[in-house]
Structures are given as C-alpha cells and as structure tokens.
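Morning, everyone. Please have a look at the model on the screen, and I'll walk you through a few spots.

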Amino acid sequence: MTGVTGASERALRRLELTIVRRLDGLLHGSYQGLLPGPGGEFGDSRVYVPGEDDIRRMDWAVTARTTVPHVRDLIADRELETWALADLSPSMDFGTDTMEKRDLVVAAVGAIGFLTSRIGNRFGAYVLHDEYVHRMPARGGRPALYGLLNSLAQAPRGRPVADAPDLAEAIEVLASARRRRGLRVVVSDFLDAAPVLDPGAEPPWERPIRRLAARHQVLAVEVIDPRELELPPVGLVTLTDPETGRARRIRLTGRVRAAYARAAAAQREATAVALRRCGVSHLVLRTDRDWVADIARFVLRQRRTAHLAHRSIVPGAAR
C-alpha cells in the first residue's frame, strides 16, 4: 500500500477490525445508507406532514386521486459519492483522556468510510489544516480509503496561521466543489474564534451548512473532550489558545470553574440549536467515551425514528 508505513497500516487495520467486528455487526441488514432519508430513487407515497416534509417531493398524482397531500419517500442510492470535511485545525490537537480529538476525527471518518465504501460508493475528503483546505479525490475501494485515512493520521499538528480559513470557509469549499447529490459529513469541534453562547445567535458556519443541506444529506459530527466542558481544581495554570498561540495564566478558583462550565454548556447548546435549525443530523463523539457504541446508537436511533415516523403517518396504521 503506497505511502502507508507498517505502523500506520497496522493501526488502520485495527481501526477497520474494530468497525467490522463491533459497528458493522450492529448495523447489518438491507442497504439503507448510513442515514435513512434522501436518495435518488422514488419509493412509496405517504401523507404530507406540514413543516417536516419537503414540498419538492410532493406526489401530485396521488394527491389528485385522494384529495389529500402526499409526498414520495426517497430510497438511498446504491452508488453515491460521500464527502467528508475533516477539521484538523490546531484546536483538534487536544485530548486529556484516552485519545486526542484529531484521533477521534480519523476514527469517525474511518467508520463512515468503511460503512459506505464497502457497498461500492466512492469516498473523498476535504481537510481543513493550516492555511489550506486540502482535497483528497473520491475513490472507491479499500486501498484508496486506507490511503486517505493514513494521510489524515499522519498530518502534522496544526499551527497558528494568520488569516487561516475557518470552518465556514471550508464548508463553502465543500458545497461549491461537488455538485452531485450525496452524503456530506462535517467532522469538527465547531469552536470559533469568537464563541457563540446565545442559542438565538447565528454561528459563522450555520449559513454555509444550511446551503449545503439544501442539496445534500448532511451529518454533523461534533468532537468533544471533557476538559472543554469543565476545568479541574488544579490552582494556577497557563492556558494557551491553540488557534492563535496566545497564553494566559489563570487561577482556577471555584467561581472561575463554575463560570467556565456555564459558558461551555451554553456554547454546546448554541451549536446543537444551530444544527437543528439547519435540519442536519447531529452526532456527538467524546474522547472519554466509546465512540463505536455512540455511532451505533446514533445510527440505530435514526433508523428507528425514521421507521416509526413513516408508520405513524400512513393512513390506517396502528397507533
């Protein structure tokens, strides 16, 4: 495998084995895609739900026959291009538990890649790193996915760069470069230089994600380390902003730690609310939790919710 060292290949094989043994076994069954929902092939008609269904999928023939608005469900395509945006900015080079956030980015991209590429789909990625948004072309097959994951795993640590592109710019690149409909995955901590703490405010990346979701199925994977949510009682510490390199000494008193926890919780809530406004799926992965189990629970919950929602609005269905 060109460009993959022995140690890197062994690490990637362990990652694949973890996914195949644990994750893929939980998600076996008929092909539905990683997320249930939009595809390119029309499926069954069902009653239109105002505020939830896209009027562009209105089934006018059935609506005319029944005088009740109906929409067509879409079946996930069997050959799609899946593109992931991997955030490897300096804030991802952080971790206080069993792994760093950048390791979790590689794991998340690998899980999505292995789950989608094994069915014949092509998988590509854009990488936000230093002063560029790097493009890795979409290819099918296991060797190509191994090469992509190895590039992510071997990427140098991020460094503070003046006028470096932010997450919003990277999402714009992802949206404008690939027009064909498919699955788009954004893996990031969604932390901005100026944190948004008001759930009613609009983060810089919200509008680009909303535009991306207008054409593609979008999954937002938020990567969190527990120390970003609360600080330990360790007294005087030096905190460094990885994005700018600025450092500041702070005494972590009880009042400071409580204020920090409130601000961190508000920031995460604002992120969740903004992603809900965009209408995208939101998966949270933490460095101190079992990421395989979290992904499996998320996918199964998405499929179960979609199945129950479909049954509840079919005329005559049991309630």
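Two strands pair if DSSP finds at least two bridges between them. Helices (H or I, at least four residues) and strands (E, at least two) are DSSP runs, numbered from the N terminus. This is a predicted model: local features need pLDDT of at least 70, side-chain atom pairs count only at pLDDT 80 or more, and totals for chains, interfaces and linings use all residues. Residues are numbered from 1 along each chain as its sequence is written, and side-chain values use heavy atoms, with hydrogens and water left out.

Start with strand S3, residues 81-87. S3 runs parallel to strand S6 (residues 183-188), joined by 4 bridges. There, Ala84 stands opposite Val185. S3 also pairs with strand S4 (residues 122-129), again parallel, over 7 bridges. Glu81 has Arg122 as its bridge partner in S4.

How many residues of S3 are buried? 7 of 7. Buried means under 20% relative accessible area, with a 1.4 Å probe and protein chains only. One side holds Glu81, Trp83, Leu85 and Asp87; the other holds Thr82, Ala84 and Ala86. Both faces are covered.

Next, helix H4, residues 142-153. H4 has 12 residues and spans 16 Å from first C-alpha to last, close to the 16 Å expected. The expected span is 1.5 Å times one less than the number of residues. Buried residues in H4 include Leu145, Leu148, Leu149 and Leu152.

Last, Thr271 in helix H7, residues 254-278. Thr271 counts as buried because its relative accessibility is 3%. Beyond neighbours within four places in sequence, Thr271 is in contact (heavy atoms within 4.5 Å) with Phe190, Trp205 and Glu222.

Definitions and conventions
Buried means under 20% relative accessible area, exposed over 50%, partly exposed in between (1.4 Å probe, protein chains only).
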